[in-house]
Amino acid sequence: MNAVILAVAVMLALSLLRVNVVLALFVGAMAGGVIGGLDIVQTLEAFSRGLGGGVGIAISYAMLGAFAVAIARSGIPEWMAGKIIRKVKNSSSSHSNLKLKYSLFLAIVLMAFSSQNLVPIHIAFIPILIPPLLSVFSAMEIDRRQVACLLTFGLTATYMLLPIGFGSVYLHQILGGNLQANGLDIELSQMPLAMAIPVFGMFLGLLVAVFFSYRKPRKYRVEETLLIHEQDVQLSKPAIITSLIAIVLVLISQLMTGSMVLGAALGFITMVVGRVVCWREADEVFNEGLRMMAVFGFIMISAAGFAEVLRSTGDIPELVSQVQTIVGGSQGLAAILMLLVGLLITMGIGSSFSTVPIIATLYVPLGMELGFTPLAIACLVGAAGAVGDAGSPVSESTIGPTAGLNVDGQHDHIRDSVIPTFLHYNIPMIIFGWIAAMIL
């Protein structure tokens, strides 16, 4: 059996059985390494070698968590939540509640959109704004799986379609750059067009998740520590000004340097200097942020080790070459198998940004040999690279929503984030990616 298939299957099976994701990644990596021809020592060495690739992301998560807690100390998120929950309690009709609910959903999607393109802070906004809204979700009996789907859609569909911010990195630098590097004659400006139909499939999946799958009310216990009352939280002007300055510094530093760590550190220091966070409490606030994001940092570190083991086996190129042998000259069969192989690889690696360079070297020659148009090849490579991002247990697009929604321990990462997003995004993206490859 191919090591990639086995490793991903073991990791997913253990995750579904409620085994800790970090342990599931480790066991999956060990199984894949041994099947792929590595001995135990070589597999452990590859896993350890890959861990370093996730350290930067883990530190970024820790710093973002600390900054999020500092922002929470300003009272701004509680103030926003208090305004919303007062509207809920003062609402005299179910129609008003429904209108408020979908207005809130729209705001969440727009925030997720902005985090990828207009204000590229990625998942940093989730632990800042979502935890204070949990009491609002509970009061309105909103199924948090709806919110997870909204957040994941905003985090993934945006960079796949709009060439701004992270979208510019994915569409122009990673997707377009790798296509051209492998001999495909295509303009970078065509990348959004190539991804439009798969993203439309994701949009239909979002509509199904919000208006059908998870539309029924779902009760959650209300944690006293997260309870937001309907009265307004008093905000001080210095706290507001300091918070705004901190946010601006975070954005500017990240845009100039590309470093989330530096941005979050500057933001946290600004909150301390501006006395939003008392100097004597700074260590406590920082540690609280570390604890909040630590588990997700360890997941990303482990995912990097898992991915390195898969690369070391050499079975990723073999898996793709097997597709070429199976399909013969059939474009339809080739397209669906290319998307499914991309799904397997991305589910294991957890990053479409990392998957595209791996598959482009083999998919571009295969697509050209089978007679696909340049636009169709771009769609296949882009969709195959992104198709597992939305539903992978080790993807930031699922880890981020869980980080915000599971603060009170009532949102399971696998069952409430991974499975819903996998069903509503990956399946439609495969279907519409295949359709796009056939008609483009």
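**Helix α7 and beyond**

Modeller: Let's start with Val-147. Beyond its neighbours within four places in sequence, Val-147 is in contact with Phe-105, Ile-108, Phe-137, Ile-142 and Leu-405. Keep in mind that this is a predicted model.

Biologist: Which helix does Val-147 lie in?
Modeller: Val-147 lies in helix α7.

Biologist: Is Val-147 buried or exposed?
Modeller: Buried. Its relative accessible area is 0%, and under 20% counts as buried.

Biologist: How far apart in space are Val-147 and Leu-104?
Modeller: They are 9.8 Å apart, C-alpha to C-alpha. In sequence, 43 residues separate Val-147 and Leu-104.

Biologist: What about Gln-146? Where is it found?
Modeller: Gln-146 is found in helix α7, which covers residues 144-161. Gln-146 is buried, with a relative accessible area of 0%.

Biologist: What does the side chain of Gln-146 reach?
Modeller: The backbone oxygen of Val-210, at 2.7 Å. Leaving aside neighbours within four places, Gln-146 also has contacts that include Lys-101, Phe-105 and Tyr-214.

Biologist: Let's zoom out. How many helices and strands are there in the protein?
Modeller: There are 18 helices and zero strands.

Biologist: And how much of the protein counts as buried?
Modeller: Of its 440 residues, 54%.

Biologist: What share of the contacts comes from residues 24 or more positions apart?
Modeller: They account for 81% of the contacts with a separation of 6 or more.

Biologist: New topic: charges. Why can side chains pair up at all?
Modeller: Side chains of opposite charge can pair when their charged atoms come close. This structure holds six salt bridges.

Biologist: Which residue does Glu-308 meet in a salt bridge?
Modeller: Arg-49, at 3.6 Å from N to O. This pair links distant parts of the chain. Glu-308 is in helix α12 and Arg-49 is in helix α3, 259 residues apart.

Biologist: And what does Lys-219 form a salt bridge with?
Modeller: With Glu-141. The closest N and O atoms are 2.5 Å apart. Lys-219 lies in the loop between α9 and α10, and Glu-141 in the loop between α6 and α7, so the pair ties together parts that are 78 residues apart in sequence.

Biologist: Is Lys-219 buried or exposed?
Modeller: Exposed, at 67% relative accessibility. Glu-141 is partly exposed, at 25%.

Biologist: Which residue does Arg-218 meet in a salt bridge?
Modeller: Asp-416, at 3.7 Å, N to O. Arg-218 lies in the loop between α9 and α10 and Asp-416 in helix α18, so this bridge ties together parts 198 residues apart in sequence. Arg-218 is partly exposed at 27%, while Asp-416 counts as buried at 8%.

Biologist: Which residues are linked with Arg-218 and Asp-416 in a network of salt bridges?
Modeller: Asp-143 and Arg-145.

Biologist: Which residues make the nonpolar surface patch of about 590 Å²?
Modeller: Among them are Leu-423, Trp-434 and Met-438. Met-438 has its place in helix α18, residues 413-439. At 31% relative accessibility, Met-438 counts as partly exposed.

Terms used
Residues are numbered from 1 along each chain as its sequence is written. This is a predicted model: local features need pLDDT of at least 70, side-chain atom pairs count only at pLDDT 80 or more; totals for chains, interfaces and linings use all residues. Side-chain values use heavy atoms; hydrogens and water are left out. Patches are made of residues with over 30% relative accessible area and no salt bridge: like charges are joined within 9 Å, nonpolar side chains (Val, Leu, Ile, Met, Phe, Trp, Tyr) within 5 Å. Accessible areas come from the Shrake-Rupley method with a 1.4 Å probe; for residues, only the protein chains shown count as cover. A salt bridge is a side-chain nitrogen of Lys or Arg within 4 Å of a carboxyl oxygen of Asp or Glu. Helices (H or I, at least four residues) and strands (E, at least two) are DSSP runs, numbered from the N terminus. Buried means under 20% relative accessible area, exposed over 50%, partly exposed in between (1.4 Å probe, protein chains only). A polar contact is a pair of N or O atoms within 3.5 Å; within protein, one must be able to donate a hydrogen and the other to accept it, and residues adjacent in sequence count only if both atoms are side-chain atoms. Contact means heavy atoms within 4.5 Å.
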